[in-house]
Amino acid sequence: MTRLRIGLIGVGGIAQGRHIPSFLELQEDVILHAVQDVNEQRAKEVAETHGIPHVYEDYPAMFQDIDAVIICTPNKFHAEIAVAALEAGVHVLCEKPMAITTEECERMIEAAEKNDRLLSIAYHYRFTPEAKLAKNAILEKEIGDPLVTRVQAMRRRKVPGWGVFTNKELQGGGSLIDFGCHLLDLALWLLDDPEPVEVMGRAYDRLSKTPGQVNDWGTFDHETFNVDDHVTSYITFADGSSMQFECSWAANIKEDHTSLSISGVDGGLSVYPLELYQAKFGALVDSTMKINEGYPEPGVAQARNFVDSCLGRTELVVQPEQALKVTQLMEAIYESSRTGSSVKINQ
């Protein structure tokens, strides 16, 4: 069987830490064929380290020699590169977020449909064992119709002091577009992709603009910091359910924590930790779900799904229309914060 030839555009931390190791585990179906980066010397070093045979100066030249590409660039370039790849007949797995704006996401989807190529976004939290088991519980109607979802993706004084994370021009935002988007996507997936109707949001940057920061993840310039470090929002959906959402890089809290819980008509569910809350047999019942060994690392599971989808064996877990909805909501949160008013969606 012919193996899928894969190229990577951008060889920074996420490429080296997740995507390259993950796809190297699938060598029965994959050839890591090439890399490209604006820093050509770094691309050559990464290629040599991982035994990747080809380094390209410009990414368009790569497309004629590969079947699929992994895009790991700053967010600003996601749409531009994805559209070019799709129009060249190349399948695309793009790092999150899909793009900075909804309009960019729509162009990516149009290019995928027009050229009959696959487009997926690397929302790897869906591939964690907790997420998979929580999804199964919801599909089995253990909580009934969802009513209220609560999401917190919180870090204490961990603004990324490397790369371009605090550059609004290149990234489009901060804690929301970098970290919060993962939990926002996961919540929407667990809720079976509900239609949002209204968003109220607030984005903050005051803490990271204050001189003399204590920061666990490197240093950054408080004078040029121009992205959000803390975001809160309230989202309502067409089915009457709602979501309380909060994320931060730099909150003054006791410790980092990630939580996602859903309260439904017939029960409740927490993803982190993985628990069910129900009323049965005339009593309140709390159930803890034990995660058995043997689940693949989420990055590997994500890579496996993408490869198998490209080879026609299965369907993508992360569909581009779903990823567009995450960007649409983030865009609405930022707009609501800017205007001080709620934002109506699809109305």
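The second largest pocket of this predicted model has a volume of about 260 Å³. It is lined by 15 residues, and those closest to its centre are Lys-168, Ala-203, Asn-226, Asp-228 and Tyr-334. Two elements, strand E8 (196–204) and helix H10, each supply at least two residues of this lining. The largest share comes from H10, which provides five residues. Sorted by class, the lining of the second largest pocket holds four nonpolar, five polar and six charged residues.

Just after H10 comes Gly-340, which takes a positive phi of about 80 degrees.

The elements that give two or more residues to the lining of the largest pocket are H1, helix H4 (78–87) and H8. Helix H8 gives the most, with four residues. The lining of the largest pocket divides into 18 nonpolar, eleven polar and eight charged residues.

In general, two packed helices are described by the angle between their axes and the distance between the axes. H1 (residues 13–24) and H9 have axes that come within 8 Å and cross at roughly 60 degrees. Helices H1 and H9 are therefore oblique to each other. As for handedness, H1 passes H9 in a right-handed crossing.

A search of the whole structure finds two cavities of 30 Å³ or more. The largest cavity contains about 50 Å³ of space. Its lining consists of Leu-93, Ser-120, Ile-121, Ala-122, Phe-127, Gln-302, Asn-305, Phe-306, Leu-316 and Val-318. Strand E6 (119–122) and helix H9 (298–310) are the elements that give two or more residues to this lining. Among the residues that line the largest cavity, seven are nonpolar, three are polar and no charged residue is present.

The second largest cavity has a volume of about 30 Å³. Around this cavity lie Arg-126, Asp-185, Leu-188, Trp-189, Asp-193, Gln-322 and Val-326. Helix H8 (175–190) and H10 each supply at least two residues of the lining. The most comes from H8, with three residues. By class, the lining of the second largest cavity has three nonpolar residues, one polar residue and three charged residues.

Taken together, these descriptions let some helices be followed from one space to another. Helix H8 gives the most to the lining of the largest pocket and also gives the most to the lining of the second largest cavity. Helix H10 supplies the largest share of the lining of the second largest pocket and at least two residues of the lining of the second largest cavity.

Notes:
Residues numbered from 1 in each chain as written. Predicted model: local features only at pLDDT ≥ 70, side-chain atom pairs only at ≥ 80, totals over all residues. Heavy atoms only, no water. 1 Å grid on protein atoms, 1.4 Å probe; cavity = no way out; pocket = protein on both sides within 12 Å on 5 of 7 lines; lining within 4 Å. Points joined across faces, edges and corners; volume = space filled by probe spheres on them. Nonpolar A, V, L, I, M, F, W, Y, C, P; charged D, E, K, R; others polar. Axes fitted to C-alpha atoms, helices over the stretch in contact; angles between N-to-C directions. Parallel < 35°, antiparallel > 145°, perpendicular 65-115°, else oblique. Left-handed = near helix turned anticlockwise from the far one by under 90°.
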